[in-house]
Amino acid sequence: MTKSTTALALVAFVAACSGKQAPAADASKTFTIAMIAKSSTNPVFLSGRAGADSAAAELSKSSGVKVSIQWLTPPSEDGSVQAQRIAQAVNEGANAILLSASDIGKVIGAVNEAVDRGVPVMTFDSDVPGSKRFSFYGGDDAEIGKMVMAELAKQMGGRGKVAILAGNQNAPNLQKRVQGARDEAAKYPGMTVVNAFSHIETPQDAAAEVLRAQNAYPDIQGWAMIGGWALFTKALLTDLDPKKVKIVSVDGLPAELPYVETGLAPVLFAQPTFLWGYQSVKTIFDHVYLKHDVPARVPMELIRVSTDNLGTWARQLRDWGFTDVDPKYLALPK
Amino acid sequence: MHSQPSVTASPDASRATSLRAVVVGLATSPRAGLVGVLLVLAAILTAAAGTHPDRVSGLPVNNFLNVYTLIQMATDASGFAIMGVGATIVIISGGIDLSVGAIFALSEVVMALVLREAGPLPPGATVALGLGTCLLVSLLCGLANGVMVIGLGVHPFIITLGMMWVLRGLAFVVSHAESILVPQALTHVAKASLGMGTALYPVPLLAMLAVTGIGGLYLRRTVAGRHIFAIGGNREAARYSGLSLDRIQLGVYVVSGLTAGIAAFLGAAFYGSATSSDANGYELYVIASAVVGGASLIGGKGSAVSAMLGALLIVTLRQAIRTLHLDQNYEWIIIGTAMIGAVVLDQGGSRLLARRMARRAMQTRSGREIS
């Protein structure tokens with residue numbers, strides 16, 4: 001009896017949550033792209049999703065085909081779950097898949113199977129080299145790591161103790177960035193890398209890791225952040241002194257702009273995360289629907305953000321759909 | 001008054017009686033509720049899922065009720081269900097094992113490293129070495145849990161929580177955070193189609209059914225299994241009955257570890273790689289499977305089949321969120337609600353049953369006194 005009651009409660013709950021019935025797809029008029037990023041709690045991927053939705057809306061208007069984005073990103077990073085979602089997308093009739101891989105080894109088989117079953121796959125941000133994906137949109141991770149460390153060295157005059165904020169230690173693209181940063185640091189005899197600090201990829205965990213490391217190594221004078229997680233909080237604005245510590249970070253989301261303004265992070269290398277989705281969806285449509293050739297690698301350029309272009313960058317973020325850009329940055333002349 | 005069936009009943013009548021017996025048996029089975037939930041949920045999803053055209057024939061295919069999705073769901077559930085059988089055995093004994101996700105990660109990482117170190121081997125030897133390594137590591141982990149629970153006299157929650165971090169850390173250190181590819185021979189086994197056709201992989205489903213079947217037989221049909229119920233139901237009574245509590249407790253943690261090892265072998269073989277972050281947080285899904293399946297956290301109650309049904313229910317709920325195009329953040333809310341609801345209703349039902357039994361006993365006694 002209790003189980004039956006549970007049954008009714010569960011069914012009622014799911015039915016209540018469903019709100020509306022999923023629309024039946026009509027292949028002649030719809031083109032569905034399943035988007036599987038690493039984690040749905042990471043703001044950079046939400047920005048990528050906004051870009052994908054924007055491109056889908058534009059394409060729907062211009063082509064007469066209803067292009068829709070099916071968001072299948074796991075709540076937290078898990079390569080096995082990504083592989084499951086790839087299979088699910090194929091089973092539910094997606095026309096193409098857009099993926100940022102958490103773990104290459106876990107998803108490569110699923111990617112190849114999807115392609116074998118007639119669903120083309122494109123990757124962004126974190127590639128699956130050696131798979132049957134037709135294109136990758138993203139940067140060279142080793143180069144990104146080098147760029148961040150070279151800029152930090154420039155800010156610090158090529159001297160001092162630095163640390164690397166490394167994100168998820170299992171993510172292959174981040175491992176390459178960390179290695180790139182280490183390789184670049186080795187070119188500066190006056191600089192010492194005290195350590196690379198990994199953490200759970202949430203803003204609070206990242207900021208806490210920075211503060212823990214700073215307490216353990218009070219002589220850290222510079223941070224090379226190969227992802228912007230820690231700067232998505234305001235914690236470091238109050239806890240680190242811009243006169244003693246300099247940060248150079250990847251990413252340039254609205255929450256990070258005060259760090260540029262105060263000089264704690266004089267330079268950010270913004271990933272055009274909106275374009276992850278926007279550019280990739282356009283590339284997929286071009287290749288899969290319009291049958292055009294596309295390059296196997298669509299290069300992504302990082303944007304250097306400093307006080308010289310803070311206003312321009314803030315307006316770019318607003319134009320990409322970010323609603324949380326501080327108006328004072330929007331009002332800056334450049 | 002019930003009439004007795006006639007020995008000269010017609011074949012039709014006896015068929016109807018047998019059918020009625022089967023229906024009544026199913027309806028009154030302890031698992032009827034869970035099976036009902038799954039069927040109702042499946043019916044809702046089938047109705048609401050919509051369709052897509054088959055890529056080859058062009059015929060409409062239901063987005064939920066198609067063989068690919070169903071096998072995929074069984075694959076997704078297999079890890080939780082296999083570990084859920086082990087977790088159920090621990091829970092029946094009155095314990096808890098929070099380290100199964102970490103045992104999973106360490107077992108598969110060590111297996112991948114051993115296979116990499118061993119170099120190219122014949123497929124059969126590769127599979128045997130991989131499976132053997134996974135089982136050995138998981139057995140040792142379970143043994144360590146059991147020895148500490150017994151030897152240190154600390155609550156298993158604390159011991160297995162600590163071991164969860166220790167084992168996860170070990171997996172991280174030995175793997176250097178690498179994602180280690182496993183040989184194709186393993187993937188060929190886990191992804192054998194067994195004649196079902198392209199992209200249909202029933203091995204995880206079969207493994208889940210096999211482990212559940214063995215777990216069910218062990219719990220219900222063996223003396224060792226009955227002993228587990230005995231110590232979970234009333235520890236002191238079991239002690240006075242002469243049961244070796246330490247040996248039984250050690251055994252349940254070893255079994256729990258072994259189920260994590262089996263799930264790890266299947267997971268690494270199916271997805272083709274092993275990393276230290278694999279199965280992170282799975283312990284909660286595993287315990288949820290057992291509890292939603294009706295296992296009582298105070299011990300003495302649970303079943304392997306129900307744990308499998310619990311895992312299937314969780315995976316179906318997760319699938320529902322995607323099939324119905326809901327915001328996936330509902331996943332945690334739904335699973336959390338289902339778990340709390342199941343436990344609360346289960347406890348309420350048990351209290352109600354106890355009250356009814358007490359009332360009946362009182363009525364019987366007063367009836368005797370009057371007569």
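Good morning, colleagues. The crossing of helices H4(B) and H11(B) is right-handed, meaning that the near helix is turned clockwise from the far one by less than a right angle. This is a predicted model, in which local features need pLDDT of at least 70 and side-chain atom pairs count only at pLDDT 80 or more, while totals for chains, interfaces and linings use all residues. Residues are numbered from 1 along each chain as its sequence is written, and chains are lettered from A and ligands numbered from 1 in the order in which they are written.

In chain B, H4 (residues 100-118) and H11 (residues 245-271) pack at about 55°, their axes 8 Å apart. Axes are lines fitted to C-alpha atoms, for helices over the stretch in contact, and angles run from 0 to 180 degrees between N-to-C directions. Helices (H or I, at least four residues) and strands (E, at least two) are DSSP runs, numbered from the N terminus.

Let me turn to chain A. There, 6 strands form an open sheet of mixed pairing, in the order S7-S6-S8-S9-S10-S12; two strands pair if DSSP finds at least two bridges between them. Strands S7 (191-198) and S12 (303-305) of chain A stand at the edges, each with a single partner strand, so one side of each is left without a neighbour in the sheet. On average, neighbouring strands of this sheet are turned by 20° against each other, direction ignored.

Which strand pairs with S7(A) in the parallel sense? That strand is S6 (residues 160-167) of chain A, and the pairing runs over 7 bridges. Within S7(A), A:Ser198 is the bridge partner of A:Gly167.
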